[in-house]
Amino acid sequence: MAKFVIAGSASCPYFAKAELLADFLQKNLPDFQIYKITQHPDVWKQWLKDLCRKNQWKHESSPIIWRELLDRGGKGLLLGGFNEFLEHAQLYYGVTSKMMTSEMLIIAGENLETHIEIEQEDEELKKKISPLRVWITGASCPTCYNLIPLLVNGEVFGMEEEISIHLLNNSFEEGSLSATVMEGQDLAAPLLREISVCTVLEEAFFEAEVVIILNDDIDNESESLENRIRARLPLCQLFGSLIEKNARRTVKVIVAAKTFLNLTTSLLITYTPSINPRNIIAVAMVMENEAKATLARKLKTTAADIKDVIIWGNITGSHYVDLRKAKVFRYNSAIWGPPSYSRYLLSLIFDSEWISKEFVNSFNVLSSTRRFQRGISTAHSVATILKFWYHDSPPGEIFSLGLMSEGEFGTPEGLVYSMPVRCMNGVWFPCTDLPDTELTEDVKKAIIHDLEQEKLIAFGEVLIYQPYIPAELLPRENRVRIQIDENKDEDQKEQTEFLNTSSVEVSEAQSSQEPLEGTENESLDN
C-alpha cells in the first residue's frame, strides 16, 4: 500500500486538478491513499523551501507530490509536480484528467476561500482555549531547565490550566535554546500547549500573563561594581518597555536574576508605568531557604520544619536575616506536640556565639558564592512563589519578598525592599501587624543607603559607590546627638544588642570586590 501526499498553494489551479485526479483514484483503488496539504499563497514558497531542505529535494513550483511507503518507513520518495503525477496515473492506472483551465481556476478560488475559512476557525478555537502565557528571560541558564517541569505539572497554576511557555535570551537568538525546547516537547505534559523561542524583538512578552526574569549574561566579574550596576539600566529599559507595550495589564513579573535583584525590580517598575508596582516582585526565598538549611543542620532537623525566617532589605546586597520570629516544627526534644505545635528557634539554640559568629560566617560565604546560580533551588523558589500567588500562601506562615515599599516598616516609599509578606486572593500584603520587628536605625540606614546608592549609580547621578558609615565611626561632633538620643531610650539599646545576635548582613559591594573600609559588617560582627 502507498500513500501519496499532494501539497500546494491553496490558489494553485494545478493543485486543484491534481487533487481531483487523486480523489478519483482513491475512490476506485482499494490500496491507494491520498493526503492533502494546502498552504496560504503568502507562506507557500517558504514552506516549500523548508520542506525541500529537510528532505534534500529539489522542487520550486506548486504542487509538490511525493510517495510514502507505509510498509517500509523512511523518508518519502519525491514524484515531482502535476505533470509527473499525471504521467504516473496514466502509466500505472490508465487514468488521466481532462479538466479545462476555466474549471481549474474556479476550483482553485474555492480552495483558497476554504483554506482561509479553516485558518480563521483554527484561530478562533485557539482563542477559546487561551492557555496561560508564561515568558522566561535568560532561558539558557540552568534555572529555566529545572523550572519548566515544575510549571507544567499542574501544582503551580492548577490542574485545569493549560500554559504556553515562550523562551528568550538577551540576544534573542534561537540556537542556544533549541535543545531546551525539544526537551520541553519531549515531556509530553498534558498541560503544556506550546513551548517556543522568541527571536523577534518586537514580539517579546506578547500577551504575557507571567514574566520570569532569570539569570542574565551581562555581568562581567572583572568589571567594577559601578559598571555592573550601570549595565542593568539598558536591559531593564528594553524589557520594561516591551512588557509595557505587549504584556497584559495584569501581568505578574518575578525577578530571580543572579545579582542586583532589588535594583532590577525597581528599574522594571520604572519602565512599566501602567503595571501595578506590587505585581513586579523580587524573589528572596532562595536566601531564606539557605538560612533554614544552615539552621537545620545545627539543630539536626529538616529545613522544611523551620518557618518564618525573615529577609530584610537588599536581597543580593545589604540585607539582614532575622530569626526573632523563626519557629521549628516537629522538633525531636523532651517537649513534643502535634504537627501544628512549634517552638521559637532562638529558644532551642543555646549557643548564642554560634549564631553571632559561625552562622553569620557560613551564611555570608554562601551568599557571596551563590549568585543565584543554583538551578534547582532557584527554580523551586520561583515555582513556590507563583503557586502562592495563584493559590494563596499557607495560613499563618511568613515569607520574604522584595516589594515596592509604600512606607511599611519605616522604609522610604518607592524603594524595592525585602520584607515579610503573605499572599491572599492574588495580592501580596506586607505583615505590618507583626510585633517586635522594628530594626534599629543603623540597620535601616545601612540597607536604605545601599538601595539608594545602586539606583543613583544606575541612573548616572553618582559615579562611585559610597559605602555606609555607621554612626559610631562618624566624627564625634556628628555623633553627640545620636548618643544622647540612645541614652534616653534604654529599650532601643537592648533591642540593638538582640539584633546583633539574631541577624545577618552581607553587602553586594563586599561580595563583588574587595572589602570596603568602614562598612556595616564590621559593626555587626563585633
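Q: Let's start with two helices: how do the axes of α8 and α9 cross?
A: The axes of helix α8 (residues 232-246) and helix α9 (residues 261-270) come within 8 Å and cross at roughly 45°. Axes here are lines fitted to C-alpha atoms, for helices over the stretch in contact, and angles run from 0 to 180 degrees between N-to-C directions. Keep in mind that this is a predicted model, where local features need pLDDT of at least 70, side-chain atom pairs count only at pLDDT 80 or more, and totals for chains, interfaces and linings use all residues. Residues are numbered from 1 along each chain as its sequence is written, and side-chain values use heavy atoms, with hydrogens and water left out.

Q: Which residues make the contact?
A: On α8 they are Arg232, Leu233, Cys236, Phe239 and Gly240, and on α9 they are Leu263, Thr264, Leu267 and Leu268. Contact means heavy atoms within 4.5 Å.

Q: How about α1 and α3, how do their axes cross?
A: Helix α1 (residues 13-28) and helix α3 (residues 82-93) have axes that come within 10 Å and cross at roughly 20°. That makes α1 roughly parallel to α3, and their crossing is left-handed. From α1, the contact uses Tyr14, Lys17, Ala18, Leu21, Ala22 and Leu25, and α3 brings Phe82, Phe85, Leu86, Ala89 and Tyr93.

Q: Which residues of α1 are buried?
A: Pro13, Phe15, Ala16, Lys17, Ala18, Glu19, Leu21, Ala22 and Leu25. Buried means under 20% relative accessible area, exposed over 50%, and partly exposed in between (1.4 Å probe, protein chains only).

Q: Zooming out, how many helices and strands are there?
A: The protein has 17 helices and 18 strands. Helices (H or I, at least four residues) and strands (E, at least two) are DSSP runs, numbered from the N terminus.

Q: How much of the protein is buried?
A: Buried residues make up 51% of its 526 residues.

Q: What's in the largest nonpolar core?
A: That core has 58 residues, and Ile136, Leu151, Ile165, Leu167, Ile212, Leu386 and Trp428 have the most contacts inside it. Helix α12 (residues 375-391) gives the most to this core, with seven residues. Apart from it lies another core of 57 residues, including Leu235 and Ile311. A nonpolar core is a set of buried Ala, Val, Leu, Ile, Met, Phe, Trp, Tyr and Cys residues joined through side-chain atoms within 4.5 Å.

Q: Which residues is Leu386 in contact with?
A: Leaving aside neighbours within four places in sequence, Leu386 is in contact with Leu151, Val156, Phe157, Val210, Ile212 and Ile254.

Q: Switching topic, where is Ile280?
A: Ile280 is in strand β10 (residues 280-283), and at 2% relative accessibility it counts as buried. Beyond neighbours within four places in sequence, the contacts of Ile280 include Val253, Leu268 and Gly402.

Q: And Asp450, buried or exposed?
A: Buried, because its relative accessibility is 1%. Asp450 is found in helix α13 (residues 441-458). Setting aside neighbours within four places in sequence, Asp450 is in contact with Asn314, Gly317, Ser318 and Tyr465.

Q: Where is there a cis peptide bond?
A: One joins Ser62 and Pro63, with omega about 0°. Pro63 is found in the loop between α2 and β3 (64-69).

Q: What about phi of Ala188?
A: Phi of Ala188 is near 50°, a positive value in a residue other than glycine. Ala188 lies in the loop between α6 (178-186) and β7 (192-197), and at 62% relative accessibility it counts as exposed.

Conventions: Parallel < 35°, antiparallel > 145°, perpendicular 65-115°, else oblique. Left-handed = near helix turned anticlockwise from the far one by under 90°.
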